[in-house]
Amino acid sequence: MNTRPPQGECGMYLDVKGITKSYRDNTVLDKLDFSVLKGELVSLLGPSGCGKTTLLRMVAGLVSADSGTIRLAEREVTTLPAHRRNVSVVFQNYALFPHLNVRENVGFGLSARGMTKAQQKVPVEEALALVRMEQYADRPISALSGGQQQRVAVARALVVAPDLLLLDEPFSALDRKLRETMQVELKALLRSRGITAVFVTHDQEEALAVSDRIAVMNAGRIEQYGGPMDLYSKPATSFVLDFVGMSMRLAGTVKSAEGRLLRISTAYGDITAPGNFIAGARVLVGVRPELISPGLPQGSPEATNRVTATLSDVMCLGAKTLIYGAASGDDCLVCEESGAYAIGLPSAGSPVTFGWRVEDTLVYPAEHRQ
Ligand SMILES: Nc1ncnc2c1ncn2[C@@H]1O[C@H](COP(=O)(O)OP(=O)(O)OP(=O)(O)O)[C@@H](O)[C@H]1O
(Lines give C-alpha, C1' and ligand atoms only; values in the text may rest on other atoms or scores of the structure.)
Protein backbone atom coordinates (compact mmCIF):
# COMPACT_ATOMS: atom_id res chain seq x y z
CA MET A 1 0.00 0.00 0.00
CA ASN A 2 1.38 3.39 -0.89
CA THR A 3 0.74 5.74 2.02
CA ARG A 4 2.75 8.51 0.47
CA PRO A 5 0.74 11.72 0.40
CA PRO A 6 0.26 13.17 -3.05
CA GLN A 7 2.81 15.83 -3.90
CA GLY A 8 1.59 19.32 -3.22
CA GLU A 9 -0.49 18.38 -0.20
CA CYS A 10 2.42 18.90 2.13
CA GLY A 11 5.60 20.93 2.17
CA MET A 12 9.09 19.49 2.24
CA TYR A 13 9.43 17.14 5.18
CA LEU A 14 13.21 17.04 5.02
CA ASP A 15 14.68 20.16 3.46
CA VAL A 16 18.45 20.45 3.07
CA LYS A 17 19.51 23.80 1.61
CA GLY A 18 22.92 24.99 0.40
CA ILE A 19 24.91 22.48 2.43
CA THR A 20 28.69 22.65 2.08
CA LYS A 21 31.23 20.45 3.84
CA SER A 22 34.97 20.39 3.34
CA TYR A 23 37.75 18.44 4.96
CA ARG A 24 40.81 20.67 4.49
CA ASP A 25 40.86 21.39 0.74
CA ASN A 26 38.57 18.46 -0.13
CA THR A 27 35.04 19.79 -0.76
CA VAL A 28 32.85 16.76 -0.02
CA LEU A 29 29.45 18.47 -0.38
CA ASP A 30 29.15 21.55 -2.53
CA LYS A 31 26.16 23.92 -1.91
CA LEU A 32 23.90 20.90 -2.04
CA ASP A 33 20.07 21.09 -1.99
CA PHE A 34 18.04 17.97 -1.23
CA SER A 35 14.47 17.47 -0.07
CA VAL A 36 12.13 14.61 0.79
CA LEU A 37 8.34 14.54 1.11
CA LYS A 38 6.61 12.93 4.07
CA GLY A 39 6.23 9.17 3.51
CA GLU A 40 8.71 9.08 0.64
CA LEU A 41 11.43 6.45 0.21
CA VAL A 42 14.41 8.17 -1.35
CA SER A 43 17.84 6.81 -2.30
CA LEU A 44 21.14 8.65 -2.46
CA LEU A 45 22.95 6.82 -5.26
CA GLY A 46 26.49 7.44 -6.42
CA PRO A 47 30.01 6.08 -6.69
CA SER A 48 32.31 5.61 -3.72
CA GLY A 49 33.48 8.91 -2.26
CA CYS A 50 30.78 11.12 -3.84
CA GLY A 51 29.51 12.25 -0.42
CA LYS A 52 26.42 10.06 0.19
CA THR A 53 27.36 8.95 3.71
CA THR A 54 28.48 12.45 4.66
CA LEU A 55 25.07 13.84 3.66
CA LEU A 56 23.25 11.06 5.53
CA ARG A 57 25.33 11.56 8.66
CA MET A 58 24.76 15.30 8.46
CA VAL A 59 20.99 14.78 8.39
CA ALA A 60 21.40 12.43 11.39
CA GLY A 61 23.39 15.08 13.28
CA LEU A 62 26.59 13.02 13.33
CA VAL A 63 28.56 15.42 11.11
CA SER A 64 28.29 19.21 11.19
CA ALA A 65 27.82 21.38 8.09
CA ASP A 66 30.20 24.26 7.23
CA SER A 67 27.24 26.21 5.84
CA GLY A 68 23.63 25.67 4.85
CA THR A 69 20.48 24.61 6.72
CA ILE A 70 18.59 21.41 7.47
CA ARG A 71 14.88 21.40 8.36
CA LEU A 72 13.04 18.24 9.43
CA ALA A 73 9.34 17.90 10.26
CA GLU A 74 8.96 21.69 10.35
CA ARG A 75 11.89 22.22 12.72
CA GLU A 76 15.25 23.72 11.98
CA VAL A 77 17.70 21.02 13.12
CA THR A 78 20.97 22.23 11.57
CA THR A 79 22.79 22.59 14.88
CA LEU A 80 20.72 20.16 17.00
CA PRO A 81 22.70 17.21 18.39
CA ALA A 82 21.82 13.77 17.01
CA HIS A 83 19.85 12.63 20.08
CA ARG A 84 17.47 15.60 19.79
CA ARG A 85 16.53 15.08 16.11
CA ASN A 86 14.31 11.97 16.44
CA VAL A 87 16.11 10.35 13.53
CA SER A 88 17.08 6.65 13.49
CA VAL A 89 20.00 5.27 11.54
CA VAL A 90 20.52 1.69 10.34
CA PHE A 91 24.23 1.28 9.69
CA GLN A 92 25.91 -0.95 7.13
CA ASN A 93 27.34 -3.24 9.84
CA TYR A 94 24.06 -3.07 11.88
CA ALA A 95 26.03 -1.78 14.92
CA LEU A 96 24.14 -4.13 17.28
CA PHE A 97 25.39 -4.61 20.85
CA PRO A 98 26.92 -8.12 20.99
CA HIS A 99 26.54 -8.43 24.79
CA LEU A 100 22.77 -7.77 24.67
CA ASN A 101 20.13 -10.18 23.38
CA VAL A 102 17.65 -9.32 20.62
CA ARG A 103 15.01 -7.87 22.96
CA GLU A 104 17.59 -5.73 24.81
CA ASN A 105 19.05 -4.46 21.54
CA VAL A 106 15.63 -3.42 20.27
CA GLY A 107 14.76 -1.79 23.60
CA PHE A 108 18.05 0.11 23.83
CA GLY A 109 16.73 3.40 22.42
CA LEU A 110 13.73 3.24 24.74
CA SER A 111 15.98 2.65 27.79
CA ALA A 112 18.01 5.68 26.71
CA ARG A 113 14.78 7.67 26.76
CA GLY A 114 14.12 6.58 30.35
CA MET A 115 11.52 3.86 29.75
CA THR A 116 11.45 0.95 32.20
CA LYS A 117 11.63 -2.67 31.00
CA ALA A 118 7.89 -3.02 31.72
CA GLN A 119 7.08 0.08 29.63
CA GLN A 120 9.24 -1.22 26.79
CA LYS A 121 7.50 -4.60 26.59
CA VAL A 122 4.68 -3.69 24.18
CA PRO A 123 6.63 -1.43 21.76
CA VAL A 124 9.55 -3.89 21.61
CA GLU A 125 7.21 -6.81 20.86
CA GLU A 126 5.45 -4.74 18.20
CA ALA A 127 8.75 -3.78 16.57
CA LEU A 128 9.93 -7.41 16.59
CA ALA A 129 6.62 -8.52 15.08
CA LEU A 130 7.03 -5.94 12.29
CA VAL A 131 10.26 -7.60 11.21
CA ARG A 132 8.98 -11.13 12.00
CA MET A 133 11.57 -11.75 14.74
CA GLU A 134 9.26 -12.28 17.78
CA GLN A 135 10.44 -15.85 18.30
CA TYR A 136 14.09 -14.73 18.52
CA ALA A 137 13.61 -12.16 21.32
CA ASP A 138 15.80 -13.99 23.85
CA ARG A 139 18.56 -15.05 21.44
CA PRO A 140 22.04 -13.57 21.71
CA ILE A 141 22.97 -11.46 18.67
CA SER A 142 25.85 -13.84 17.87
CA ALA A 143 23.33 -16.65 17.25
CA LEU A 144 21.60 -14.80 14.37
CA SER A 145 22.24 -14.87 10.63
CA GLY A 146 23.16 -11.69 8.75
CA GLY A 147 19.59 -11.22 7.50
CA GLN A 148 18.20 -11.70 11.02
CA GLN A 149 20.66 -9.18 12.45
CA GLN A 150 19.60 -6.72 9.79
CA ARG A 151 15.95 -7.21 10.82
CA VAL A 152 16.87 -6.57 14.47
CA ALA A 153 18.68 -3.38 13.44
CA VAL A 154 15.56 -2.21 11.59
CA ALA A 155 13.34 -3.07 14.61
CA ARG A 156 15.70 -1.13 16.89
CA ALA A 157 15.53 1.85 14.55
CA LEU A 158 11.74 1.81 14.26
CA VAL A 159 10.84 1.17 17.91
CA VAL A 160 11.47 4.82 18.83
CA ALA A 161 8.95 6.01 16.17
CA PRO A 162 11.49 8.21 14.38
CA ASP A 163 10.49 11.19 12.23
CA LEU A 164 12.98 9.93 9.68
CA LEU A 165 14.72 6.61 9.06
CA LEU A 166 18.19 6.73 7.53
CA LEU A 167 19.77 3.57 6.11
CA ASP A 168 23.44 3.48 5.15
CA GLU A 169 24.01 0.60 2.71
CA PRO A 170 21.80 -1.60 4.93
CA PHE A 171 21.91 -4.67 2.69
CA SER A 172 25.50 -4.63 1.48
CA ALA A 173 26.69 -7.47 3.74
CA LEU A 174 23.96 -9.84 2.53
CA ASP A 175 24.14 -12.20 -0.42
CA ARG A 176 22.23 -11.25 -3.55
CA LYS A 177 19.15 -13.38 -2.98
CA LEU A 178 18.69 -12.35 0.65
CA ARG A 179 19.35 -8.73 -0.27
CA GLU A 180 16.51 -8.83 -2.80
CA THR A 181 14.17 -10.40 -0.24
CA MET A 182 15.10 -7.77 2.36
CA GLN A 183 14.57 -4.94 -0.15
CA VAL A 184 11.03 -6.14 -0.87
CA GLU A 185 10.27 -6.67 2.85
CA LEU A 186 11.65 -3.34 4.01
CA LYS A 187 9.93 -1.40 1.27
CA ALA A 188 6.57 -3.01 2.15
CA LEU A 189 7.13 -2.36 5.86
CA LEU A 190 8.05 1.31 5.44
CA ARG A 191 5.16 1.88 3.03
CA SER A 192 2.61 0.23 5.32
CA ARG A 193 3.75 2.41 8.25
CA GLY A 194 4.06 5.59 6.17
CA ILE A 195 7.69 5.98 7.29
CA THR A 196 9.89 8.54 5.56
CA ALA A 197 13.27 7.04 4.75
CA VAL A 198 16.53 7.89 3.01
CA PHE A 199 18.76 5.02 1.80
CA VAL A 200 22.39 5.33 0.87
CA THR A 201 23.48 2.88 -1.79
CA HIS A 202 26.01 2.57 -4.59
CA ASP A 203 23.96 -0.21 -6.17
CA GLN A 204 21.76 1.21 -8.91
CA GLU A 205 19.51 -1.87 -9.03
CA GLU A 206 18.84 -1.51 -5.33
CA ALA A 207 18.02 2.18 -5.72
CA LEU A 208 15.67 1.45 -8.63
CA ALA A 209 13.99 -1.34 -6.63
CA VAL A 210 13.32 0.44 -3.34
CA SER A 211 12.86 4.13 -4.12
CA ASP A 212 10.10 6.56 -4.98
CA ARG A 213 12.84 8.97 -6.03
CA ILE A 214 16.58 8.67 -6.49
CA ALA A 215 19.15 11.44 -6.07
CA VAL A 216 22.15 10.56 -8.24
CA MET A 217 25.25 12.10 -6.64
CA ASN A 218 28.58 12.87 -8.24
CA ALA A 219 31.49 14.67 -6.59
CA GLY A 220 29.47 16.28 -3.81
CA ARG A 221 26.53 17.39 -5.94
CA ILE A 222 23.22 15.95 -7.04
CA GLU A 223 23.30 15.43 -10.82
CA GLN A 224 19.65 14.41 -11.12
CA TYR A 225 16.79 13.80 -8.71
CA GLY A 226 13.74 11.96 -9.97
CA GLY A 227 11.65 8.79 -10.14
CA PRO A 228 13.37 5.56 -11.24
CA MET A 229 11.78 5.57 -14.71
CA ASP A 230 12.62 9.23 -15.31
CA LEU A 231 16.26 8.66 -14.45
CA TYR A 232 16.43 5.61 -16.64
CA SER A 233 14.61 6.90 -19.69
CA LYS A 234 15.64 10.58 -19.52
CA PRO A 235 19.08 10.76 -17.91
CA ALA A 236 19.90 14.46 -17.58
CA THR A 237 23.66 14.00 -17.91
CA SER A 238 26.06 11.46 -19.36
CA PHE A 239 27.07 10.62 -15.79
CA VAL A 240 23.50 9.54 -14.98
CA LEU A 241 23.27 7.64 -18.28
CA ASP A 242 26.41 5.77 -17.25
CA PHE A 243 25.57 5.20 -13.62
CA VAL A 244 21.92 4.16 -13.88
CA GLY A 245 21.45 1.13 -16.14
CA MET A 246 23.43 -0.06 -19.14
CA SER A 247 23.80 1.91 -22.35
CA MET A 248 25.32 1.89 -25.78
CA ARG A 249 27.78 4.81 -25.79
CA LEU A 250 29.48 6.26 -28.84
CA ALA A 251 31.77 9.27 -29.13
CA GLY A 252 30.78 11.47 -32.06
CA THR A 253 31.07 14.84 -33.77
CA VAL A 254 28.09 16.86 -34.98
CA LYS A 255 28.37 17.20 -38.80
CA SER A 256 25.25 19.29 -39.27
CA ALA A 257 22.35 20.65 -37.26
CA GLU A 258 19.00 21.32 -38.93
CA GLY A 259 16.39 22.55 -36.51
CA ARG A 260 16.47 20.05 -33.66
CA LEU A 261 17.87 17.19 -35.80
CA LEU A 262 21.57 16.50 -35.67
CA ARG A 263 23.67 14.46 -38.05
CA ILE A 264 26.51 12.92 -36.02
CA SER A 265 29.52 11.02 -37.28
CA THR A 266 30.77 8.11 -35.17
CA ALA A 267 33.49 5.52 -35.72
CA TYR A 268 30.81 3.07 -36.91
CA GLY A 269 28.82 5.28 -39.30
CA ASP A 270 26.70 8.44 -39.25
CA ILE A 271 23.55 8.67 -37.17
CA THR A 272 20.68 11.11 -36.69
CA ALA A 273 19.56 12.35 -33.28
CA PRO A 274 17.39 15.01 -31.70
CA GLY A 275 19.40 17.62 -29.81
CA ASN A 276 20.59 21.16 -29.51
CA PHE A 277 24.25 21.35 -30.55
CA ILE A 278 26.19 23.27 -33.17
CA ALA A 279 28.10 21.68 -36.05
CA GLY A 280 31.58 20.65 -34.91
CA ALA A 281 30.53 19.91 -31.32
CA ARG A 282 32.01 16.79 -29.78
CA VAL A 283 29.26 14.70 -28.24
CA LEU A 284 28.49 11.44 -26.52
CA VAL A 285 25.62 9.42 -28.01
CA GLY A 286 23.71 7.10 -25.68
CA VAL A 287 20.99 4.50 -26.31
CA ARG A 288 19.45 2.02 -23.88
CA PRO A 289 20.34 -1.52 -25.06
CA GLU A 290 16.76 -2.86 -25.02
CA LEU A 291 15.79 -0.16 -27.56
CA ILE A 292 18.38 -1.48 -30.02
CA SER A 293 17.93 -4.47 -32.33
CA PRO A 294 20.65 -6.49 -33.99
CA GLY A 295 19.43 -5.54 -37.47
CA LEU A 296 17.09 -2.76 -38.56
CA PRO A 297 14.22 -1.94 -36.21
CA GLN A 298 10.67 -1.88 -37.50
CA GLY A 299 9.52 1.37 -39.08
CA SER A 300 10.51 3.69 -41.88
CA PRO A 301 14.23 3.79 -42.74
CA GLU A 302 14.41 7.60 -42.21
CA ALA A 303 13.36 7.16 -38.60
CA THR A 304 16.12 4.70 -37.85
CA ASN A 305 19.80 4.69 -37.07
CA ARG A 306 22.10 1.91 -38.01
CA VAL A 307 25.75 1.24 -37.19
CA THR A 308 27.80 -1.79 -38.15
CA ALA A 309 30.61 -3.50 -36.25
CA THR A 310 32.16 -6.91 -35.74
CA LEU A 311 30.28 -9.14 -33.31
CA SER A 312 32.59 -9.61 -30.32
CA ASP A 313 30.54 -11.39 -27.66
CA VAL A 314 27.12 -12.80 -26.88
CA MET A 315 26.18 -13.13 -23.21
CA CYS A 316 23.13 -15.16 -22.36
CA LEU A 317 21.97 -14.07 -18.89
CA GLY A 318 18.84 -16.19 -18.66
CA ALA A 319 15.99 -13.70 -19.04
CA LYS A 320 18.00 -11.61 -21.51
CA THR A 321 20.87 -11.83 -23.96
CA LEU A 322 23.48 -9.09 -24.45
CA ILE A 323 25.08 -8.80 -27.88
CA TYR A 324 28.35 -6.83 -28.06
CA GLY A 325 30.10 -5.31 -31.04
CA ALA A 326 33.85 -4.65 -31.08
CA ALA A 327 34.34 -1.00 -30.08
CA SER A 328 37.32 1.30 -29.65
CA GLY A 329 38.25 3.71 -26.84
CA ASP A 330 35.41 4.37 -24.37
CA ASP A 331 32.75 3.38 -26.91
CA CYS A 332 30.43 0.52 -26.03
CA LEU A 333 28.29 -1.22 -28.65
CA VAL A 334 25.68 -3.37 -26.99
CA CYS A 335 22.09 -4.38 -27.50
CA GLU A 336 19.75 -6.46 -25.41
CA GLU A 337 17.24 -9.04 -26.54
CA SER A 338 14.83 -10.79 -24.23
CA GLY A 339 15.25 -14.53 -23.64
CA ALA A 340 17.98 -16.82 -24.93
CA TYR A 341 18.35 -14.93 -28.19
CA ALA A 342 21.83 -16.27 -28.87
CA ILE A 343 20.49 -19.23 -30.86
CA GLY A 344 20.84 -18.46 -34.56
CA LEU A 345 23.12 -15.43 -34.13
CA PRO A 346 26.23 -15.20 -36.28
CA SER A 347 29.41 -16.23 -34.48
CA ALA A 348 32.00 -13.83 -33.06
CA GLY A 349 33.93 -12.11 -35.85
CA SER A 350 30.92 -11.77 -38.19
CA PRO A 351 29.52 -8.33 -38.99
CA VAL A 352 26.55 -7.23 -36.87
CA THR A 353 24.24 -4.26 -37.33
CA PHE A 354 22.75 -2.32 -34.43
CA GLY A 355 19.55 -0.45 -35.30
CA TRP A 356 17.38 1.90 -33.23
CA ARG A 357 14.92 4.75 -33.59
CA VAL A 358 16.13 8.32 -33.94
CA GLU A 359 13.89 9.46 -31.07
CA ASP A 360 15.49 6.95 -28.70
CA THR A 361 18.92 8.54 -29.19
CA LEU A 362 20.32 10.62 -26.31
CA VAL A 363 23.06 13.19 -26.93
CA TYR A 364 25.32 14.85 -24.33
CA PRO A 365 28.36 17.11 -24.44
CA ALA A 366 31.46 14.90 -24.73
CA GLU A 367 33.15 16.19 -21.57
CA HIS A 368 31.72 15.28 -18.22
CA ARG A 369 32.99 15.27 -14.68
CA GLN A 370 34.16 11.93 -13.35
N1 LIG B 1 36.13 12.54 8.73
C2 LIG B 1 36.65 12.73 7.51
N3 LIG B 1 37.84 13.34 7.34
C4 LIG B 1 38.36 13.56 6.12
N5 LIG B 1 37.75 13.20 4.97
C6 LIG B 1 36.56 12.58 5.06
C7 LIG B 1 35.95 12.31 6.32
N8 LIG B 1 34.75 11.70 6.09
C9 LIG B 1 34.64 11.57 4.74
N10 LIG B 1 35.72 12.10 4.12
C11 LIG B 1 35.94 12.16 2.67
O12 LIG B 1 34.78 12.66 2.07
C13 LIG B 1 34.54 12.05 0.82
C14 LIG B 1 33.12 11.50 0.79
O15 LIG B 1 33.01 10.44 1.73
P16 LIG B 1 31.63 9.69 1.94
O17 LIG B 1 31.87 8.62 2.97
O18 LIG B 1 30.55 10.65 2.19
O19 LIG B 1 31.42 9.04 0.50
P20 LIG B 1 30.37 7.93 0.03
O21 LIG B 1 29.77 8.46 -1.21
O22 LIG B 1 29.46 7.57 1.14
O23 LIG B 1 31.36 6.74 -0.30
P24 LIG B 1 31.24 5.16 0.03
O25 LIG B 1 30.17 4.62 -0.89
O26 LIG B 1 32.60 4.64 -0.31
O27 LIG B 1 30.90 5.02 1.49
C28 LIG B 1 35.63 11.01 0.64
O29 LIG B 1 36.63 11.56 -0.16
C30 LIG B 1 36.13 10.78 2.05
O31 LIG B 1 37.47 10.40 2.04
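Mentor: Gladly, and we begin with a definition: two strands pair if DSSP finds at least two bridges between them. Helices (H or I, at least four residues) and strands (E, at least two) are themselves DSSP runs, numbered from the N terminus. This is a predicted model, where local features need pLDDT of at least 70, side-chain atom pairs count only at pLDDT 80 or more, and totals for chains, interfaces and linings use all residues. Residues are numbered from 1 along each chain as its sequence is written.

Trainee: What makes S15 and strand S19 a pair?

Mentor: There are 2 bridges joining S15 to strand S19 (residues 351-357), and pairing asks for at least two, so they pair. The two strands run antiparallel. In one of these bridges, serine 293 has glycine 355 of S19 as its partner.

Trainee: Why are strand S15 and strand S18 called edge strands?

Mentor: The open sheet has 5 strands, in the order S15-S19-S16-S17-S18, with antiparallel pairing. Strand S15 (293-294) and strand S18 (333-338) each pair on one side only.

Trainee: What makes a set of residues a nonpolar core?

Mentor: The set must consist of buried Ala, Val, Leu, Ile, Met, Phe, Trp, Tyr and Cys residues joined through C-beta atoms within 7 Å. Buried means that 20 or more other C-beta atoms lie within 10 Å of the residue's own, exposed means 12 or fewer, and partly exposed lies in between, with C-beta atoms placed from the backbone. The largest such core here has 94 residues, and Val59, Ala155 and Ala215 are among those with the most contacts inside it. Helix H4 (residues 146-158) gives the most to this core, with 6 residues.

Trainee: How do you know which residues alanine 215 touches?

Mentor: Contact requires C-beta atoms, placed from the backbone, within 7 Å. Leaving out residues up to four places away in sequence, alanine 215 touches Phe34, Val42, Leu44, Leu45, Ile222 and Tyr225.

Trainee: What puts a residue in the shell around the ligand, and which element gives the most?

Mentor: A residue is near a molecule if its C-beta atom, placed from the backbone, lies within 6 Å of it. The residues around the ligand include Tyr23, Asn26, Lys52 and His202. H1 gives the most to this shell, with 3 residues.

Methods
Contact = placed C-beta atoms within 7 Å.
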